Amino acid sequence: MKAYELQDASGISGLRMVDRPVPACGPYDVLVRIRAVTLNYRDLLTVRGGYGSRQKFPLVPLSDCVGVIEEVGQGITKFRPGDRVIASFFEKWLGGDPTAEKLSRALGGSVEGVLAEYRVFAEDSLVAAPTHLSDAEAASLPCAALTAWCAVAKFGGIGPADVILTQGTGGVSLFALQFAKFSGAQVIATSSSEEKLAKLKAMGATQTVNYKKMPEWGKLAREMTDSRGVDLVVEVGGVGTLNESIRATRIGGAIALIGVLAGGATSELRLPLIVMQQQRIQGVTVGSVDDLRRMVAAVSSNKMRPVVDRVFPFEAAREAFDYMASGKHFGKVAISLG
């Protein structure tokens, strides 16, 4: 089979297509023919050695895929050949609270990923793909969508009376907007691009903010809610945007801390305001197989369609990484394996 390997931590240039044997299927394994994969910002960090000592080379990158089962082991009871499935980001986190053991096997980081024609999975780490989605759409669900789902639904408990704030137009932020909208909530969305703000409006954002034109967007977001503040901020920037998120959040509200895309000085954080307003900061690290199953059920029942910006052929995987790194995309960047 064909697969891509990261040979070292030199970046996208270290990505090489290689020949590998098709992996053997054990008695409790499932062999999946990969049909599409999608990229996350985390994958750009991985090609630069972002997993540190947990990351071994050569490594097949990427965590998100959809595929069709070609072979099942003798002990398999849930699936059969021909079933279309998606794989959980964390192979060993089946349910319950996370532990070091459950988080020890992250696809495309601490263990081999999915940028290959075939991969073997444990049966319990797979979930049936929504039938109404294309391969590229289904492949976008395991990491970015599940992260957004856990932020908005699992931890945020967002409903019709609530207002959330999303940052930018990456995968997590767009999924958070979609999940909030079919929960009946209002969404304030930010971006530095007027063109992207218009697209966010078209997706259902109630109000939008250009954070380049309005650096104190947290104050503006609070004003947009009649000075009450938003119920939840889906925080993907990290230290560089956290202060404005704190300003935007209502007394007793929550900030789902997901990404670290923006830099900043930790000494300048508005920590007293978090205390005074009894705000909650919740770290979100994707989710379990049980979480993935619940989210897929919600996606299916609401006939939600992920936003896919562009699909690259398998032979152009490095170009897909370059496009992701450029920041020009709106939604998910996918690679098709045919």
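Q: What radius of gyration does the protein chain have, and what would a compact globule with 338 residues have?
A: The radius of gyration is taken over C-alpha atoms, and the globule rule is 2.2 Å times the number of residues to the power 0.38. For 338 residues a compact globule would be near 20 Å, and the protein chain has 20 Å, which agrees. Along its principal axes the C-alpha trace spans about 60 × 40 × 35 Å. This is a predicted model, in which local features need pLDDT of at least 70 and side-chain atom pairs count only at pLDDT 80 or more, while totals for chains, interfaces and linings use all residues. Residues are numbered from 1 along each chain as its sequence is written, and side-chain values use heavy atoms, with hydrogens and water left out.

Q: How many helices and strands does the protein chain have?
A: Helices (H or I, at least four residues) and strands (E, at least two) are DSSP runs, numbered from the N terminus. The protein chain has 10 helices and 15 strands.

Q: What percentage of the residues is buried?
A: Buried means under 20% relative accessible area, with a 1.4 Å probe and protein chains only, and such residues make up 55% of the 338 in the protein chain.

Q: Why is strand β9 described as largely enclosed?
A: Five of the six residues of β9 (residues 186-191) are buried, so the rest of the structure largely encloses this strand.

Q: Which way do β8 and β9 run, parallel or antiparallel?
A: Two strands pair if DSSP finds at least two bridges between them. Strand β8 (residues 163-167) is joined to β9 by five bridges, and the two run parallel; Thr166 stands opposite Ala189 in β9.

Conventions
Buried < 20%, exposed > 50% of the residue type's maximum accessible area, 1.4 Å probe, protein only.
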